[in-house]
Amino acid sequence: MPRNIGADGRTVYRAVITITGPAGAQWTQYEGPYAMAGHARGRVAFWRTYMRRAGGDATGRVEQGHTVWTPATEEPNR
């Protein structure tokens, strides 16, 4: 499903979430991009609550970035 996230050179945000499952396994997942930092913060809060109820733990942070669009067949300029 397409979303309009305002990713036309403006700042975008993502949630970086480190999850520890009930058995102790740990992994990191990335969610986004989002047009507003609050949406990414909401995902961090969701995972903290969800994992606490499931017997695990989650921590996270919000990162910001700027989009650079290139044709999919080319490497982006860095």
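Thr20 stands opposite Gln26, a residue of strand E2. The model is predicted, so local features need pLDDT of at least 70 and side-chain atom pairs count only at pLDDT 80 or more, while totals for chains, interfaces and linings use all residues. Residues are numbered from 1 along each chain as its sequence is written, and side-chain values use heavy atoms, with hydrogens and water left out.

Strand E1 covers residues 11-20 and strand E2 covers residues 26-34; the two run antiparallel and are joined by seven bridges. Strands pair if DSSP finds at least two bridges between them. Strands (E, at least two residues) and helices (H or I, at least four) are DSSP runs, numbered from the N terminus. The hairpin of E1 and E2 has five residues between the strands, and in this hairpin Gly24 takes a positive phi near 100 degrees. In a regular strand the side chains alternate between the two faces of the sheet.

Next comes helix H1, which spans residues 37-53 and contains Arg48. Arg48 counts as partly exposed because its relative accessibility is 38%; buried means under 20% relative accessible area, exposed over 50%, and partly exposed in between, with a 1.4 Å probe and protein chains only. Arg48 and Ile17 are 31 residues apart in sequence, and their C-alpha atoms are 8.9 Å apart in space. Leaving aside residues up to four places away in sequence, Arg48 touches Ala58, Thr59 and Gly60, where contact means heavy atoms within 4.5 Å.

The last topic is the aromatic rings. A pair of aromatic rings is described by the distance of the centres and the angle of the planes. Rings of Phe, Tyr and Trp (its six-membered ring) pair if their centres lie within 6.5 Å; planes under 30 degrees apart count as stacked, over 60 as edge-to-face and the rest as tilted. A search of the whole structure finds three aromatic pairs. One of them is Phe46 with Tyr50, which is stacked because the ring centres are 5.7 Å apart and the planes are at 25 degrees. Phe46 and Tyr50 are four residues apart in helix H1, so about one helical turn separates them. Phe46 is partly exposed because its relative accessibility is 37%, and Tyr50 is partly exposed at 44%.

Tyr50 also forms an aromatic pair with Trp47, edge-to-face, at 5.4 Å centre to centre and with 80 degrees between the planes. Trp47 and Tyr50 both lie in helix H1, three residues apart, about one turn of the helix. Trp47 counts as buried because its relative accessible area is 16%.
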